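Q: I have a structure to go through for class. Can you take me through it in plain words?

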Amino acid sequence: ESVTKGSHDHYMRKEIHEQSNALRECLRDRFSTGDSVSLDAIEDGYRPESVHLVACGTSYHAALYGAKLLRKRGIQAQAHLASEYALSPPPVRDGALVVGVTQSGETADTLSALRTATAEGARTLALTNVVDSTAARECDDALYIRSGPEISVAATKTFASQLVTLVLFALQSSGQTSDETERLVSALTELPEHVQRLLETTAAPTTARRFADSSGYFFIGRGVQYPVALEGALKMKEITYEHAEGFAAGELKHGPLALVTEDTPVFVSVVGDDETARKTVANAKEVKARGAPLVAVTDGVSSIDRFADEVLTIPRTNRTLAPILVNVQYQLLAYHTADHLGRDIDKPRNLAKSVTVE
Ligand code: AGP
């Protein structure tokens, strides 16, 4: 089936706008009864003792998020850069599961890490978008993210679907039910609409134009917001060719703060007003005190909007899912900055959609 850009100038823009439908598809028929998750790829009642997630690039950022979720639900979990995994693989104990997070299912580094895991005796699972890809065929099981074809080199809708699939995977693997689980499941069902509303109301094009001639871009976040700080920066550097870095908000004062100037906007995501949010707000104030323009991506609950130079709003949702909405704003920022700079958005220089060499 051929895929066209439709009314969009670029595949990337089209794919950003396909996200709410992609998430609907990702969530379809995943709940057996009430808030109990049922994933065809994994038998009901299967509880891994420990999980290693192996991945590259954007998929690695999804893996970092997945590992945080699994640990929160009592499962030992770590994300590994696939290209580093085979050099010092963690011991594979009984009940270990190694999950390859890979949109294409063809990334050489990820396939190699999965083969190492198989040789060590681990059970393997491919979390992928492409049915019958090499990862799907070689792993013991395949869990599909159901995003549909993604043409632009920059991964967008598939990242959102990876995160949602990892939420479902964490829910099923832990088997826990609680009020928290119920709230999370209910928020999942509302997520596609929240993405749609954000796309219709975003101020990202204006913010992108305002800062398009900056000398660098920094992204900070704490907890589940940290992987999207890394992803926001990757998207920005990948398609704008400008310098961008993502940091854990708490790490700024340990070095990166020296990079901050009035010509380096800092993007910070703050959701809710709990201790994590308040600590992030304190980190953002440090940045502002050094003269950097501050852009807050927020649900408007904390005090961050009062001193940020610009605010990009996201709909209120469960805190675990908020990074998905924050990331849509980051995708749009990168897209509109690259568009303003006249870059080759769908095919950035030196990059390939699927990297089949190690
Ligand atoms: C991100 O925009 C890139 N396309 C890249 O980092 C990508 O996520 C990475 O190469 C891994 O690809 P995969 O998910 O197909 O394994």
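A: Strand E10 (residues 266–270) and strand E11 (residues 294–298) pair in the parallel sense over five bridges. Two strands pair if DSSP finds at least two bridges between them. Strands (E, at least two residues) and helices (H or I, at least four) are DSSP runs, numbered from the N terminus.

Q: What stands opposite Val 266 in E11?

A: Leu 294 stands opposite Val 266.

Q: And what are these numbers and atoms based on?

A: This is a predicted model, where local features need pLDDT of at least 70 and side-chain atom pairs count only at pLDDT 80 or more, while totals for chains, interfaces and linings use all residues. Residues are numbered from 1 along each chain as its sequence is written.

Q: OK, back to the strands. What is the order in the open sheet that has E10 and E11?

A: The order is E9-E8-E10-E11-E12, an open sheet of five strands with parallel pairing. Strand E9 (244–248) and strand E12 (310–313) stand at the edges with a single partner strand each, so one side of each is left without a neighbour in the sheet. From one strand to the next, the twist averages 20°. Angles run from 0 to 180 degrees between N-to-C directions, and axes are lines fitted to C-alpha atoms, for helices over the stretch in contact.

Q: Which helix packs on that sheet?

A: Helix H10 (residues 226–240) does, touching strand E8 (217–221), E9 and E10. The direction of H10 makes about 175° with that of E9. Two residues are in contact if their C-beta atoms, placed from the backbone, lie within 7 Å.

Q: What about the sheet with E4 and E7 in it? What is its order?

A: That open sheet of five strands runs E4-E3-E5-E6-E7, with parallel pairing. Its edges are strand E4 (76–81) and strand E7 (141–144), each with a single partner strand, so one side of each has no neighbour in the sheet.

Q: How many bridges join E6 to E7?

A: Four bridges join strand E6 (residues 123–128) to E7, and the two run parallel. Among the residues there, Ala 126 has Ala 142 in E7 as its bridge partner.

Q: Which strands does H3 lie across?

A: H3 lies across strand E3 (50–55), E4 and strand E5 (96–102), at about 170° to E4. Helix H5 (residues 108–119) lies across E3, E5 and E6, at about 170° to E5.

Q: New topic, the ligand. Which residues come nearest to it?

A: Of the 15 residues around the ligand, Gly 57, Thr 58, Thr 102, Ser 104 and Thr 107 come nearest. A residue is near a molecule if its C-beta atom, placed from the backbone, lies within 6 Å of it. Helix H3 (residues 57–72) gives the largest share of the shell, three residues.

Q: Is Arg 146 buried, exposed or partly exposed?

A: Arg 146 is partly exposed, with 19 other C-beta atoms within 10 Å. A residue is buried if 20 or more other C-beta atoms, placed from the backbone, lie within 10 Å of its own, exposed if 12 or fewer, and partly exposed in between.
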